[in-house]
Amino acid sequence: MAGSPDHLFNLRNNFYLGSYQAAINNSDLPNLSPDDAVERDCLVYRSYIALGSYQLVINEIDSSAATPLQAVKLLALYLSNPHDKESTISSLKEWLADPAIGNNHILRLIAGIIFTHEEDYNEALKHTNAGGTMELHALNVQIFIKMHRSDYAERQLRVMQQIDEDHTLTQLANAWLNLAVGGSKIQEAYLIFQDFSEKYPMTGLILNGKAVCCMHMGNFDEAETLLLEALNKDAKDPETLANLVVCSLHLGKSSSRYLSQLKLTHPEHILVKRASSAEDSFERAVQSVA
C-alpha cells in the first residue's frame, strides 16, 4: 500500500547487509499485520541460519507454522545435513508441485537458494525467474552471474532499478554485476560498498565486497586489512577465509592456515574442492613421473 510505513525496512536491511545478530536483536516489532509477522519471523530464522544455528530453526518451526516458515525450515535441514539432502530436496519438490502453495514467493526463493547450492541453475530458475519480489530478482542476478550470463543479469538488474533504484538489493546486485563485468566497472562496485560502509554498520559482507574490489584493482595490502577486519567479526566466515587465501597468495604470504580453517569449517566450499582436486592432480603427476 502506497504511503503505509514499512515496519520491516530496518530488519530487511540488516539481513541483506549481513548484520544478522542486529536483525535478530531488533526484531521485536509492535503492531505487525499477520503477513508482516510471518515475514519478520522468516527474516529472523534466516538470520539464525546465516549464523549457523540450524538446529534452533529446526526445533522452533513446527508443522503448524505457515508455508514460508516451513520453507525456511527446509533450508535449515538442507544446510545442517549435507549427507541427507536428498530427502530435503524431495520434500521441496513435492511442495513446489502443490498448486495450493507452490507459488509462495518464500518457497520459490528457498527453492532457488537450494538448487543454486546444488549448482542446478536451470532448476533454480524454473522457480525464481518469474520474479515477484526484490529478493527473487536479486537471486536471479546471482544465478545468471554464476552461469556467466551477465547479459541476462543486466536485464534483471534493470527490472530492479525500475522498481526501486535505491533499494539495498538493487545496489548490491549492481555491485555484483559490476564485479562480474570487471574492468572500469570495478571502481563503481567499490563505490557502492564504500557508500554502504558510510551509511550502515560495517559487516563482513561489506568488508568482503570492498576487499574483492581492491584485489581486482591490484590493491592487495588494502584488501588484506579489510579481510582481517572481517575475520575479527567472524573467524569462520567462508568468504572471508577464501578471500584471505587468494589475497595471501598475491602478497607472497602463506595461505595454509586460512585454507586449513576453511577445510575444517566449510569442507564443501568451492575453493576447498578446487584445492583438493589440484592436490590430487599433482599427486598423480608425481606418481606418473616416479
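The loop between helix 7 and helix 8 (121-128) contains E119, and helices here are DSSP runs of H or I of at least four residues, numbered from the N terminus. The phi angle of E119 is positive, near 60°, in a residue other than glycine. This is a predicted model, in which local features need pLDDT of at least 70, side-chain atom pairs count only at pLDDT 80 or more, and totals for chains, interfaces and linings use all residues. Residues are numbered from 1 along each chain as its sequence is written, and side-chain values use heavy atoms, with hydrogens and water left out.

**Loop between helix 7 and helix 8**

- E119 is exposed, because its relative accessible area is 51%; exposed means over 50%, buried under 20%, and partly exposed in between (1.4 Å probe, protein chains only).
- D120 belongs to the loop between helix 7 and helix 8, and it counts as partly exposed because its relative accessibility is 35%.

**L109 in helix 7**

- L109 is part of helix 7, which covers residues 105-117.
- A relative accessibility of 4% is why L109 counts as buried.
- Beyond its neighbours within four places in sequence, L109 is in contact (heavy atoms within 4.5 Å) with R46, E135, L136 and L139.
- For one of these residues, E135, the C-alpha atom is separated from that of L109 by 7.5 Å, although the two are 26 residues apart along the chain.

**Helix 3 and helix 5**

- Helix 3 (residues 34-50) packs with helix 5 (residues 67-80) at an angle of about 5°, and their axes are 9 Å apart. Axes are lines fitted to C-alpha atoms, for helices over the stretch in contact, and angles run from 0 to 180 degrees between N-to-C directions.
- Helix 3 is therefore roughly parallel to helix 5, a description given to angles under 35 degrees.
- On the helix 3 side, the contact is made by V38, D41, C42, Y45, R46 and I49. On the helix 5 side, P68, L69, V72, L75, A76 and L79 take part.
- N31 lies in the loop between helix 2 (20-25) and helix 3.
- The phi of N31 is near 55°, a positive value in a residue other than glycine, and N31 counts as exposed because its relative accessibility is 72%.

**Helix 13 and its surroundings**

- Helix 13 (residues 204-216) has 13 residues and spans 18 Å from its first C-alpha to its last, close to the expected 18 Å; the expected span is 1.5 Å times one less than the number of residues.
- Buried residues of helix 13 include I206, L207, A211, C213 and M215.
- The cover over the buried residues of helix 13 includes helix 11 (168-181), helix 12 (185-199), helix 14 (220-233) and helix 15 (238-250).
- G218 follows helix 13 and has a positive phi, near 85°.

**H269**

- The loop between helix 16 (256-265) and helix 17 (270-289) holds H269, which counts as buried because its relative accessibility is 13%.
- A polar atom of the H269 side chain lies 3.0 Å from the backbone nitrogen of L271.
- Not counting residues up to four places away in sequence, H269 touches P238, E239, A242 and L262.

Definitions and conventions: Helices (H or I, at least four residues) and strands (E, at least two) are DSSP runs, numbered from the N terminus. A polar contact is a pair of N or O atoms within 3.5 Å; within protein, one must be able to donate a hydrogen and the other to accept it, and residues adjacent in sequence count only if both atoms are side-chain atoms. Angles under 35 degrees count as roughly parallel, over 145 as roughly antiparallel, 65 to 115 as roughly perpendicular and the rest as oblique.
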